[in-house]
Amino acid sequence: MEGTILAIAIIFPFLAGFICLGLKNSKARATLIIFTSIVLIALSILFLRHGAFHYTPPAEWDMAILVLDYVLLAYFLYIGIADFISIGINIRNVFTIGLVLLQGIFLALFEFSWAPHVPLEVEPIFFVDQLSIIMCLIICIIGSLICIYGIKYMADHEKHLGLGKTKQPRFFFYMIMFLGAMNGLVFANSLLWLCFFWEVTTLCCYALIRHDETPEAIGSGIRALWMNLIGGAGFVFAIIYAFNRLGTLSVAEIIEAHGVPLLLLPLAFLCLAAFTKSAQMPFQSWLLGAMVAPTPVSALLHSSTMVNAGVYLVLRIAPAFAGTALSTGVAMFGGFTFMTTAILAISQTEAKRVLAYSTIGNLGLIILCAGVNTPLAITAGITLLVFHAISKGLLFLCVGIIDHNIWSKNIEDMQGLVSKLPLITTITIAGIISMLLAPFGVLISKWAAIEATGALASYWSPVILALLVVGSAATTVFWIKWLGRFLSQVPSAARAKMESFSSIYHIPVLLLIVSAIGLSIFIAPFYERIICPAVGGCYTPVVTAQNWFFWGAIGCFAAWPIFAVLALALVVPSLVIRMRPEQVRPAYMCGENVEAETAEFRSVGDERTPLETGGFYLSGALGEHNLNRWFNPTALIILIILFALVVVA
Amino acid sequence: MSLWQIILAGILAIVVAPFIGGLLRGVDRKLTARMQGRRGPPIQQPFYDVLKLFSKQTITTNRTQLVLAYSYLLLIITTLVLFALRQDLLMVILVLGVGSVCLVLGSLSVRSPYSQFGGHRELLQLLAYEPILILVAVAIYLKTGAFFIGNIFDQGEPLLPSLWVAYPALLITLIIVMRKSPFDISASEHAHQEIVRGVFTEYSGPYLGIIELAHWYEIVLLLSIISLLWVPGIWPGVLLALFSFFVVLIIDNITARLTWSWMLRVSWFGGLGLVILNLVGLHFFGG
Amino acid sequence: MGLITTSRVKSPWLLHFDCGSCNGCDIEILACLTPIYDVERFGIINIGNPKHADVLAVTGPANHRNYRVLRNLYEQMPDPKVVIAIGTCACTGGVFHNCPNILGGVDKVIPVDVYIPGCAVKPEAIIDGVVLALGKLAKMG
């Protein structure tokens, strides 16, 4: 039974993807996608009820994975060579070809000459525990909602582009196959299998980013490819060193070998792979470039699922490097990314880039939690993982809907949108609030992370704390700036009329926002049933949930009373307060207003001039071109110091 | 805490605090006038101001403003109540952030040049002082082993001798929250009119009164956080808070308003730097 | 007087608008804020925003360009409010009352409650006028 559900979780999406590739009829495709979604959601809930187990499929699968791995590498090599042929020698194809060759040669050396037999067997291949089940829930539920949303989104997208021949079969092939690869990734215990699924997600990422096939998309796709291949190379080196030092490729055994000297090097390489997959500094440019892809891709791969694979890996191997210099280094690296991306997001005017920077920042925060490596910090990390996936996926979907209504992703064009598109704007505002304000889940995780870092008994904790709090304050600035832009209306007493309701667009986002709010209100029972067993795998849980408050060891967050206050403070006034038309006055423009209901004033020669208000972007002081030349080298230096610490210590 | 203590804490926070805040504002204006060689208004002037505001006609530009003014007031009162109920200090500071955000959103919700300026500058003020407050809470934790205000209160010895390096940072925070020179960049005090009234421009009448009330609660909250630095007993802490208040008044009268980049530089490199130094010291010398 | 009326009288916030004045009266108004006259001891604050103001103090005559601004500012002030016309030009147009570009005194545009003649008005007269206006404000209820 266990083998069956694993097989369905991993293989069924691959099959569904291949069938989708051949389906020309859009209704048939939609039915297949909805059917796959239902199967995956049911499956993930089944995993939750079943609990932890491990499983090893028959030995033929090892050989199959080995072969497929090389097929994949060969395809990557082909991509690199094709790019070289089309545009000549360039950093991107040099890196692609070089990294593929590096990976391929060392992997082949390892598997065929250094390993005792071909293929190398690891027991067990699949290890399902609470952390993987949480990831599976995120992948299946949020991923399915995004795929369903994608049905209408891609139809509108292609109509807007005026495409003659539809590319949707190929699009959904990669999207659904990706879900299967992610399931395989989170359940895999053998490093070889993990590496294979890791590379499949790289493939899907590359293919989906370049979907629109503009020169910009193709460039971004290849950049994502070679940066992720750095991670792949790191994986191969981690495999070689782990086998060399420990004689095993099982992740569970590596975690239990805590304390073995020279174990840190393979762990550092695995962290490198995670950092590239999660687009941490200085590798953030691939995620920013990936924003040219259609919004479902950004929502699925680049906020809730694929980039989570990196932080999932770090969280999983965190018990192995607890208390070492590597741990502090990882925390410092995560904190640095969190602070720098928060500051960089302030100067962005494009909504998707703001969301991308915020994603990278929050992933950096999760890595910081993994680096701090105390039970409270790991609890904070896992909680943040779940809540961030929900809220960020939601926000990307909302930006997609807004984009398809006003045909612009620029924040400046979203001014006063609450009166034109009240439903989606309210949902987006709720999504932003859930990412930022107390007492929602993301903020409770941040609170726990601050307390955990404060309690860390290390001389570096003040520096890590400083990075954390400055980053946290900077996130307030860019989110509220954007939120304010939505709310900025022309003086009027009129109530906005709701826009037309589209079930495929609005139901996924409504489900996501309801779950974000619901899980935050009920965070205490949610923590007890679902997150506590995940922490309890390798640490003694310190968080308890008396009275449905969130009790850390040293502090307590009273979640639901503050929700009650928030309801009283926000919801009740907005239902109760009435405004009469005679109470409307114009905004103050030194007395030169034209009329109350427009935003115009009389300027030179008594000419009616529209008032144009813009946001603060501070691009002179905080722009990318200014800051990146300091931030990128510093991040690289921290990474090098990390490795140096591991080699020397 | 017993039921009577909870009710007493609630009454203190909800009913008594605005009177204290109003009187402090009155003393502020009186002392400022005396420092400028004038006589100044009576100490109860802020109460006259707020009562007059509540008696004016309600006019507004949109409904969102009105809703968010109430939200701001209710959230700040909540923060003070949580403080009085001796809850987690870090949680109190984070909920204070929610209240401040409501004020910013209220001003950003109007398409008015001064309001937009004020709202964005208020965000920059938040960026400047929130890191300092959070790190001070962690410093207090390192010294006392507790984030709970109840446990901090029960400490036997005063915290200021170990946290004196971080104290100037708290003064900077107080300057920003009390909206005094040189960091009153979002809603210029004393009717400096280059941004009219910044954040408060589009508010009027009863809603301006609500915001003024919320400002009183906020001042009392910040002073209460400062008073935690000298805890055995209440009165030494209160004296410390009043002393800080007086120092802020003096600084207000001898400086002119600076720009946002100066404010960020002073708060981050000066204020935050001092608190980090204090934290490092606490790690090295025990605490 | 009730508490509300006392508060209104004890806390009048003043918006000062120069309609076209030569600035003579404006300088005298600002002199009232200085330590010698110190009107802040009566609770008067010079506020720059009509939405916060109770008292509108206007100097200078109304003309074809600024009557719109004057009416706009008057309408943005919430009730109860009083208007003080300071200086002869604001009362009747003064020496300019027959000029082609002048409409006349401020009362051609908005209702005025207190007229303070003078060219330029003495600060003591301004304070007297404000006290008269406060009396009217108290009766407005």
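Chain B consists of eleven helices and zero strands. Read from one end of the sequence to the other, the pattern of chain B is α-α-α-α-α-α-α-α-α-α-α. The model is predicted. Its overall scores are ipTM 0.93 and pTM 0.94.

The dimensions of chain B were examined next. Along the principal axes, the C-alpha atoms of chain B fill a box of roughly 55 × 45 × 40 Å. The radius of gyration of chain B is 19 Å. This agrees with a compact globule, because a globule of 287 residues would have a radius of gyration near 19 Å. Of the 287 residues of chain B, 63% count as buried. Contacts in chain B were also sorted by separation in sequence. Among those between residues at least 6 apart, 75% join residues at least 24 apart.

The average pLDDT of chain B is 91, and 98% of the residues score at least 70. Within chain B, helix 6 (residues 149–153) has the lowest confidence, with a mean of 85. Helix 8 (residues 167–177) of chain B has the highest, at 95. For chain C, the average pLDDT is 90, and 99% of the residues score at least 70.

Chain A was considered by domain. The domain assignment of chain A gives domain 1 (1–59 + 121–189) and domain 2 (323–537 + 609–649). Their C-alpha centres lie 26 Å apart. The two domains of chain A also touch: 14 residues of domain 1 are in contact with 18 residues of domain 2. On the domain 1 side, the touching residues comprise ten nonpolar, one polar and three charged.

Contacts between chains followed. Between chain A and chain B, 54 residues of chain A are in contact with 58 residues of chain B. On the chain A side, the elements that give two or more residues are helix 19 (441–455), helix 20 (461–487), strand 4 (556–557) and helix 23 (559–576). Helix 20 of chain A supplies the largest share, 14 residues. By class, the side of chain A that touches chain B has 39 nonpolar, twelve polar and three charged residues. Chain A also meets chain C. Here, six residues of chain A are in contact with seven residues of chain C. The side of chain A that touches chain C divides into two nonpolar, two polar and two charged residues.

Nonpolar cores were then traced. In soluble globular proteins, nonpolar side chains tend to be buried together. The largest nonpolar core in this model has 342 residues. The residues with the most contacts inside this core are Cys369(A), Leu80(B), Leu135(B), Val136(B), Ala137(B), Ala139(B) and Val275(B). Helix 16 (residues 375–406) of chain A gives the most to this core, with 19 residues. At least three residues of the core come from each of domain 1 and domain 2 of chain A.

Note on methods:
Residues numbered from 1 in each chain as written. Chains lettered and ligands numbered in written order. Predicted model: local features only at pLDDT ≥ 70, side-chain atom pairs only at ≥ 80, totals over all residues. Domains from an automatic or database assignment. Nonpolar A, V, L, I, M, F, W, Y, C, P; charged D, E, K, R; others polar. Helix = DSSP H or I, 4+ residues; strand = E, 2+ residues; numbered from the N terminus. Rg over C-alpha atoms; globule rule 2.2 N^0.38 Å. Buried ≥ 20, exposed ≤ 12 C-beta atoms within 10 Å, placed from the backbone. pLDDT = per-residue confidence, 0-100. Core = buried A, V, L, I, M, F, W, Y, C linked by C-beta atoms within 7 Å.
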